[in-house]
Amino acid sequence: MPRTQFISTGFHVPERIVTNDELRTWWDTSDEWIRARTGIGERHWVEPGLEAGSDLALKAAQSALERADLKATDLDCIVFATLSPDYFFPGGGVFLQRKLGVPGIPALDIRNQCSGFLYGLSVADAWVRSGQYKRVLLIGAEVHSTGMDFSPGGRDLSVLFGDGAGAVILGPGDDGRGVLSVHLHADGVGAEQLWCESESSARMPRISYDDLDAGRHFARMNGREVFRNAVVRMPEVVREGLAANDLTAEDIDLFIPHQANLRISEAVQKQLGLRDDQVYNNIERFGNTTAATLPIAMDEVARSGRLKEGDLLVLSAFGSGWTWGSAIIRW
Ligand code: UT7
């Protein structure tokens, strides 16, 4: 049976760089606090009204297509992971499809937040291995900056997030390389610990003046609970993936954790007993781009040569839902 291989990768972030110092325009915060607590130095924000998530996704996709010497018409389907779609519905997939100019091919939207890329990878992997689709474009794309709470209460969450998109093109190969496994989990017990309550089809009207006054249209997070769960679930699901393939942490050439907080990544690294040279972090430059962190990092390591053919690559994520997962990949 063929395995799902990474034909190519690409990413795109908006031009505008927002430093920690610039955030002091809106919040009582500091470069020292943000760096010490999160490892973030800067992030990219879109120009509101000029760039949507599907625009970032388009540029990431074009970069991946160019790298693979493929045209958009070579794609068989799109899988689009995001928690910040351009609109409540339809999802980002169809907007990206229209911008790519490939009418007719299916576009699947994935709503699994920080784990969205891994959930998307699992579906794409099954489609490729079954022979249903040969060239799958998998995207993780987010625009957080248009949803920032600029009141004082918004500072804990708003300093963490950035905008960006990552793309991978997947297809079958039979030389043993490719996706060895994807393990996924969810536990709805944590749903309200990191969520955006409004607009909501559970209520009428879906968004009210009261919601706006109370700031329910902004994401809300219990940061400590996210942290506490992430540092348990991520090592656990990496061990699950390694064990399923008769591998150990020593076999890992490169581990890319979801970029939520450098302290989370360091705690996970420590629990897995990994050396610094086995782990890649880029949160310092991008902040948390949710579904986009893993494909952005993958493109960076693939292009820089840090990730080489035959290397064992391990991905893991944890986030809102709760949802979490890992992928074990022979690059
Ligand atoms: O992909 C999943 C997405 N989310 C995450 O991964 C978040 C995981 N959690 C975290 O990263 C951390 O919990 C945070 C970085 C959000 C917060 O770090 P913490 O060490 O848990 O800080 P804290 O919430 O306990 O707050 C400590 C202090 C508080 O002040 P007092 O009560 O001690 O006076 C906060 O009000 O830091 C204050 N604070 C800030 N100070 C400066 C909170 N946000 C800020 C800020 N700048 N931006």
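## Close-up views of a predicted protein model

View 1. Of the protein's 331 residues, 55% count as buried, meaning under 20% relative accessible area with a 1.4 Å probe and protein chains only, while exposed means over 50% and partly exposed lies in between. This is a predicted model, in which local features need pLDDT of at least 70, side-chain atom pairs count only at pLDDT 80 or more, and totals for chains, interfaces and linings use all residues. Residues are numbered from 1 along each chain as its sequence is written, and side-chain values use heavy atoms, leaving out hydrogens and water. Along the principal axes, the C-alpha atoms fill a box of roughly 55 × 45 × 35 Å.

View 2. Look for polar contacts, which are pairs of N or O atoms within 3.5 Å. An N or O atom in the side chain of Arg37 is 2.7 Å from an oxygen atom of the ligand. Arg224 also places a polar side-chain atom 2.7 Å from a ligand oxygen atom. A polar backbone atom of Gly223 is 3.0 Å from a nitrogen atom of the ligand.

**View 3. Tyr209 at the surface.** Tyr209 is found in helix α7, residues 209-214, where helices are DSSP runs (H or I) of at least four residues, numbered from the N terminus. Tyr209 counts as exposed because its relative accessibility is 71%.

Terms used. Helix = DSSP H or I, 4+ residues; strand = E, 2+ residues; numbered from the N terminus. Polar contact = N/O pair within 3.5 Å; in protein donor to acceptor, adjacent residues only side chain to side chain.
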